[in-house]
Amino acid sequence: MSDLIYVLNGPNLNMLGVREPAIYGSETLADVKVRCEKAAKIHDLSIDFRQSNIEGELVNWIQEARGQAQGIIINAGAYTHTSVAILDALQAAERPVIEVHLSNIFRRDEFRQHSYISLAATGVICGLGAKGYELALEAIGDLLKKKSGAAK
Ligand code: DQA
């Protein structure tokens, strides 16, 4: 059976396509999901793709991932820069975590240049738009393959 990856999206990412397209691009979240489904197939992974504007719901999903999924890809949106609760949940998940941002957060406002989430992330991909999600799936697939190879 293929490994299951939770692909979690935080606040305002449901507005992709209409939200500041010069920064976030013209693809919708549904387009990003299709990209992820294609990439998952290529890397022999299954995905559960979700979005919420609510911090606690994201925390609940990360806790759920601990029992259900082998890895987590997360774009926590603005909670990246504020949420110790999401950081704590990711640290407790004991799973590979890839943090994704569509925009290059290091070229933007100063408050976006700090990420709580990064403390729990195996890797971070930012600035490459929706392509970042595909790269994250490739990376997490490699990490899980290495892990299962080491267990043999
Ligand atoms: C974002 C960057 C965050 O600073 C912002 O609040 C978002 C989206 C990104 O994907 O570039 O909502 O995570």
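## Surface and basis of the model

How much accessible surface does the chain have, and what share of it belongs to carbon and sulfur atoms? The accessible surface comes to about 7,800 Å², and 51% of it belongs to carbon and sulfur atoms, where accessible areas come from the Shrake-Rupley method with a 1.4 Å probe and, for residues, only the protein chains shown count as cover.

The structure is a predicted model, in which local features need pLDDT of at least 70 and side-chain atom pairs count only at pLDDT 80 or more, while totals for chains, interfaces and linings use all residues. Residues are numbered from 1 along each chain as its sequence is written, and side-chain values use heavy atoms, with hydrogens and water left out.

## Overall fold

The chain has five helices and five strands, which follow the pattern β-α-α-β-α-β-α-β-β-α when read along the sequence; here helices (H or I, at least four residues) and strands (E, at least two) are DSSP runs, numbered from the N terminus. The radius of gyration is 14 Å, close to the 15 Å that the globule rule gives for 152 residues, so the chain is as compact as a globular protein of that length. This radius is taken over C-alpha atoms, and the globule rule is 2.2 Å times the number of residues to the power 0.38.

Taken along the principal axes, the C-alpha atoms fill a box of roughly 45 × 30 × 25 Å. Of the 152 residues, 45% count as buried, a word that means under 20% relative accessible area, with exposed meaning over 50% and partly exposed in between (1.4 Å probe, protein chains only). Among the contacts (heavy atoms within 4.5 Å) with a separation of 6 or more, 76% are made by residues 24 or more positions apart.

C36 sits in helix α2, which covers residues 29-42, and C36 is buried, with a relative accessible area of 0%. Leaving aside neighbours within four places in sequence, C36 is in contact with V7, I47, F49, Y133 and L137. C36 and A130 are 94 residues apart in sequence, but their C-alpha atoms are 9.0 Å apart in space.

## Two loop residues with positive phi

N12 is not a glycine, although its phi is positive, at about 75 degrees. N12 belongs to the loop between β1 (3-9) and α1 (21-24), where N12 is partly exposed, with a relative accessible area of 38%.

E94 is also a residue other than glycine with a positive phi, near 50 degrees. E94 lies in the loop between α4 (84-93) and β4 (97-101), and E94 is exposed, with a relative accessible area of 54%.

## The largest pocket and G77

The largest pocket has a volume of about 180 Å³. Of the 15 residues that line this pocket, Y24, G77, A78, H81 and R112 are the closest to its centre. On a 1 Å grid over the protein atoms alone, a pocket is an open set of points where a 1.4 Å probe fits, with protein on both sides within 12 Å along at least five of seven lines, and lining residues have an atom within 4 Å of a point. Grid points are joined across faces, edges and corners, and a volume is the space filled by probe spheres set on the points.

G77 is found in the loop between β3 (71-75) and α4, and G77 is buried, with a relative accessible area of 17%. Apart from neighbours within four places in sequence, G77 is in contact with P11 and L13.
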